[in-house]
Amino acid sequence: MAVKEIKSGTYFVGAIDWDRRLFDELIPLPDGTSYNSYLIRGSKKIALIDTVDPHKKNILIENLQKLNIQKIDYIIANHAEQDHSGAIPKILELYPNAKVVTNQKCKNMLMDLLLIPEEKFIIVNDGDTISLGDKILKFIVAPWVHWPETMLTYLIEDKILFPCDLFGSHLATSNLFVKDEVKVYESAKRYYAEIMMPFRNNIKKHIEKISNLHIEIIAPSHGPIYNKPEFIINAYKDWISDDVKNEVVIPYVSMHGSVEKMVNYFIDALIERGITVKPFNLTKTDIGELAISLVDAATIVIASPTVLVGPHPAIVSAVYLANALRPKVKFASIIGSYGWGGRMIEQITGMLSNLKVELLSTVLVKGHPKESDFKSLEKLAFEIAEKHKTIEKINSTQKHTD
Ligand code: FEO
């Protein structure tokens, strides 16, 4: 993106990565991403908030040249991950008088990750401010969104919050501000599911903390900028709440059709009971879609064939991810088939240790499912429907105890 002015003296100088399709060599990026860097020109000092991924550093440098930036006083590092900090060494080389402003934890990480010398840092604590002359930056230490060192920066005069990854979206777009709310909602939810969901309790505290600020603009580190902050804050409040929806997510693999027959039968049994079903054939699905579905669902049912003595490796990978993402699901079950034996159910159950779920009945079938197996699936669908009837009660009880 070309340089764009957000408010008088505050500019987007980051880079759009239209082609990136994988993040952390794990997370699919169907819509690319951006590395947002912001320049704030005060009457006395100039600050750069975060930089860009190292492979896009030339774009940042060109953008600074377009603005004829001769000096940078402060490089604010909200987050040490390299997609935002990776170009700091190059900026320090080009602007040798610049100081990196960050908290102690982030400083230590930047020294480890990027070998930035200690004398280059100014350390700030929660609530500290620095003056750029006519503009003041306030720092809000907000750990675990999604690393331990993260902080947010608030530009007091212009009421702009720079929250690093929090509220971001992996979305490459030529629009500086959110234009298509439906599209951005979907991208931001994917981002939340894949990156922020394990930290929803931390996020609750941070959202409470920033509720005292008058925020007109939220300028995150990825994706378009929010000029209606309530759009993304309300979406986050929904995602981080303890409320779950009448939905069942079914990650599954079928090798010879038995599990597929079980899943198809089970889907119909759930639909007949008014339950929203989201099946994911793991040999075809984008794991981001699976993660998104786990943001709201009340129940996960894992469906696997037995390979040697355990679950299919694609199931192991998906269950590992689901467990690591710590969704707020309340109920879980396992269904599947086996040829001669195995410990598939026990192995999958053992992998769900992070999820605070009630384990429902399981259905394990020898070979092709038979009449009695379909009856067991009916019974499980009934059990889930009964449990889901309690959701509204659970949701409202949680609201009272919040
Ligand atoms: Fe966008 Fe955690 O880096």
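Student: Which residue forms a salt bridge with glutamate 181?

Tutor: This is a predicted model: local features need pLDDT of at least 70, side-chain atom pairs count only at pLDDT 80 or more, and totals for chains, interfaces and linings use all residues. A salt bridge puts a side-chain nitrogen of Lys or Arg within 4 Å of a carboxyl oxygen of Asp or Glu. For glutamate 181 the closest N and O atoms are 3.8 Å apart, and the partner is lysine 228.

Student: How many residues apart are glutamate 181 and lysine 228?

Tutor: Helices (H or I, at least four residues) and strands (E, at least two) are DSSP runs, numbered from the N terminus. Glutamate 181 sits in helix α5, lysine 228 in the loop between β16 and α7. The pair links distant parts of the chain, with a separation of 47 residues.

Student: How many salt bridges does a search of the whole structure find?

Tutor: The count between domain 1 and domain 2 is four. Over the whole structure the search gives 23.

Student: What distance separates the centres of domain 1 and domain 2?

Tutor: The bounds, from an automatic or database domain assignment, are 4–240 for domain 1 and 245–399 for domain 2. The centres are taken over C-alpha atoms. They lie apart by 38 Å.

Student: How many residues of domain 2 does the contact take?

Tutor: Contact means heavy atoms within 4.5 Å. Domain 1 brings 13 residues to it. From domain 2 the number is 15.

Student: Which three residues supply 39% of the area that domain 1 buries against domain 2?

Tutor: Buried area is the accessible area (1.4 Å probe) that two parts lose on being put together, summed over both. Between the domains it is about 1200 Å², with 62% from carbon and sulfur atoms. No other three residues of domain 1 supply more than this trio: Lys189, Arg190 and Met197.

Student: Which helix gives the largest share of the side of domain 1 that touches domain 2?

Tutor: Across the interface, five residue pairs are in polar contact, both at pLDDT 80 or more. A polar contact is a pair of N or O atoms within 3.5 Å; within protein, one must be able to donate a hydrogen and the other to accept it, and residues adjacent in sequence count only if both atoms are side-chain atoms. On the domain 1 side, α5 (181–196) and α7 (229–240) each supply at least two residues. The largest share, five residues, comes from α5.

Student: Which are the edge strands of the open sheet?

Tutor: Two strands pair if DSSP finds at least two bridges between them. Five strands form the sheet in the order β12-β13-β14-β15-β16, with mixed pairing. Each edge strand pairs on one side only; they are β12 (129–131) and β16 (217–218).

Student: Which residue in β15 is the bridge partner of leucine 155?

Tutor: Strand β14 (residues 151–155) and strand β15 (residues 160–162) run antiparallel. Three bridges join them. Leucine 155 has as its partner isoleucine 160.

Student: What is the omega of the cis peptide bond from valine 145 to histidine 146?

Tutor: Histidine 146 lies in the loop between β13 (136–141) and β14. The cis bond runs from valine 145 to histidine 146, and its omega is near 10°.

Notes
Residues are numbered from 1 along each chain as its sequence is written. Side-chain values use heavy atoms; hydrogens and water are left out.
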